[in-house]
Amino acid sequence: MSQVSLTYTRLLFWLIKEGDQDVLSQKPNVTTDLIGCIHMIDRLFTLISTHKEEFSKVAVYVVADYVDHVHQHTLLPAVKKALVSAVYKLLDISDKHVLAQLHTVLNQGVKEVVKGLYSDYLNFYKYTGRV
């Protein structure tokens with residue numbers, strides 16, 4: 001995995017760890033700043049999604065790391081909503097073959113989280129052209 005991907009992963013892990021309900025209950029004044037950081041990573045993932053060819057192979061690993069880490073933490077709903085919006089941008093640039101490969105590699109508990117995330121992505125985020 002490239003150094004760039006490791007940087008995104010490290011930042012994502014930190015946001016998830018700090019967005020945990022138990023952590024934020026001890027530091028309630030940090031929530032708005034944390035959501036602000038998540039919005040900035042959302043903007044970064046928006047920029048990445050404009051370079052599909054360069055980042056399509058790396059994006060699925062960042063999604064896998066996100067799902068694996070979220071599986072271990074209970075996020076505050078506002079934090080989860082902001083993070084999911086950012087991850088959807090990475091799913092936009094991932095093709096079906098890479099997602100199928102990801103699905104075969106993950107363990108069963110994480111597979112269910114990926115399946116739910118991808119289902120929500122298809123139902124609520126991805127543009128299909130239908131009204």
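This note goes through the salt bridges of a predicted model.

1. On the basis of the model: it is predicted, so local features need pLDDT of at least 70 and side-chain atom pairs count only at pLDDT 80 or more, while totals for chains, interfaces and linings use all residues. Residues are numbered from 1 along each chain as its sequence is written, and side-chain values use heavy atoms, with hydrogens and water left out.

2. The whole structure holds 3 salt bridges (a salt bridge is a side-chain nitrogen of Lys or Arg within 4 Å of a carboxyl oxygen of Asp or Glu).

3. Lysine 89 and aspartate 42 form one of them, at 2.8 Å from N to O. This pair links distant parts of the chain, 47 residues apart: lysine 89 belongs to helix α5 (residues 77-92) and aspartate 42 to helix α3 (residues 31-49). Helices here are DSSP runs of H or I with at least four residues, numbered from the N terminus. Lysine 89 and aspartate 42 are both buried (buried is under 20% relative accessible area, exposed over 50%, partly exposed in between, with a 1.4 Å probe and protein chains only).

4. Lysine 27 pairs with glutamate 18, and their closest N and O atoms are 2.9 Å apart. Is glutamate 18 buried or exposed? Glutamate 18 is buried, at 13% relative accessibility; lysine 27 is partly exposed, at 32%.

5. Lysine 115 and glutamate 112 meet at 3.9 Å, N to O. Both residues sit in helix α7 (residues 108-125), 3 residues apart, which is about one turn of the helix. Lysine 115 is partly exposed at 47% relative accessibility, and glutamate 112 is partly exposed at 42%.

Conventions:
Helices (H or I, at least four residues) and strands (E, at least two) are DSSP runs, numbered from the N terminus.
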